[in-house]
Amino acid sequence: MTPSIIFDFDGTLAVGDGPVLAYARYAAEAAADDYLERVQVELDKHAAGASELRDGYDVVGTLARTDGVDEQTLNAAYAHSRTRLGTADAPVSPAPGLLDLLAALDPGIRIILATNAPDQGIRELLAAWGIADRFAALHFTVGKPAGLEPILRTALADGPVLSIGDIFAFDLAPARALGAATALVGATAETSPESPTMRGTTLEDVAPAIRTWATSVLTPTA
C-alpha cells in the first residue's frame, strides 16, 4: 500500500499574485484604461474571501472579457505570464509551512503534483525551493476537474489519497467523488459552503491535520 498526497500548484504550493499581475499587465494593453485598478480591487476582495470569482486568474480573465478582450489575446497573456513565473516580473513564494510539512511527512507518502498550468518554470521553482526530489510525479495542463480523475484513480488503486488545493470544484470535488480525503486552502477556505475533510487559510494552518492523516494511513490496523 502506498498512500498519496496530490497537490495543486498555484495558490496551493506557490503563493503570491506575481504571475496573476503579469497576466493582467499583458491583457491591460487591450482593455479599458482603468482595467488594472479594477483587477486590483477584485484581487483584494478575493484575498478577503469576498469575491465570487474562483481565483486571481479568473479575476483577470473575467474583467478583461468584460472590456471586450478576445480569447486569443487572453491566451497569449496567460502564456506570457507563465514564461515569467518565478522571475522579478512574476514572483511567487513557497506556501507558508510547505517546506516543513514535506520534510516532516514519512517517505512512505507519495507526493504528486497535478496542475492545470503548463510546466514552464515550475520544475525550476521546485528545485530552487529544494523539494523537487520529493515529488514522485508531476502532471501539467491536467484539465481539471475532469482531467484530475484518472490521476486520482491511479493513486487510489495503490492506497488512500489526500487531494489539496485552493479551488474546491477543480481540486477537491473530483477527489471527494472518488472517496479521497480533501484539504481546502486559500482565501475561500473559511467561507466555502463545501465540506472538505480539512480546511485552512494557509497550508500551514492545515499542516497538523495533514500530518495526522498521513500517520493514520500508514498505521496498520488490526
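This is a short tour of a predicted model, stop by stop.

**The sheet**

Start with the strands. Six of them form an open sheet, in the order β5-β4-β1-β6-β7-β8, and the pairing is parallel. Select 135-139 and 198-200 next. These are β5 and β8, the edge strands, and each pairs on one side only. From one strand to the next, the twist averages 15°.

Now pick residues 4-7 and 110-114. These are strands β1 and β4, paired in the parallel sense over 4 bridges. Click S4: its bridge partner in β4 is R110.

Move on to β4 and β5. They too pair in the parallel sense, over 4 bridges. Select A114 and you will find its bridge partner, H139, in β5. Then trace the chain from β4 to β5. The path goes through helix α6, residues 122-128, and this β-α-β crossover is right-handed.

**A helix across the strands**

Select residues 203-218. This is helix α9, which lies across β1, β6, β7 and β8. Against β8, α9 runs at about 160°.

**An enclosed helix**

Next, select 18-27, helix α1. Of its 10 residues, 7 are buried, so α1 is largely enclosed by the rest of the structure. Colour the buried ones: G18, P19, V20, A22, Y23, A24 and A27.

The structure holds 3 aromatic pairs. In one, the ring centres of Y23 and Y78 are 5.8 Å apart and the planes stand at 80°, so the pair is edge-to-face. Y23 sits in α1 and Y78 in α4, so this pair ties together parts 55 residues apart in sequence.

Now look at Y57 with Y78. This aromatic pair is also edge-to-face, at 5.6 Å centre to centre and 80° between the planes. Y57 belongs to α3 and Y78 to α4, so parts 21 residues apart in sequence are tied together.

Y57 counts as buried at 15%. Y78, at 25%, counts as partly exposed.

**Last stop: H46**

Select H46, in helix α2. H46 is buried, with a relative accessible area of 13%. Beyond its neighbours within four places in sequence, H46 is in contact with S51, L53, R54, D55, A187 and T188.

Note on methods:
Residues numbered from 1 in each chain as written. Predicted model: local features only at pLDDT ≥ 70, side-chain atom pairs only at ≥ 80, totals over all residues. Heavy atoms only, no water. Pairing = 2+ DSSP bridges. Helix = DSSP H or I, 4+ residues; strand = E, 2+ residues; numbered from the N terminus. Axes fitted to C-alpha atoms, helices over the stretch in contact; angles between N-to-C directions. Contact = heavy atoms within 4.5 Å. Right-handed = clockwise from strand over helix to strand, strands pointing away. Buried < 20%, exposed > 50% of the residue type's maximum accessible area, 1.4 Å probe, protein only. Phe/Tyr/Trp six-rings, centres within 6.5 Å; stacked < 30°, edge-to-face > 60°.
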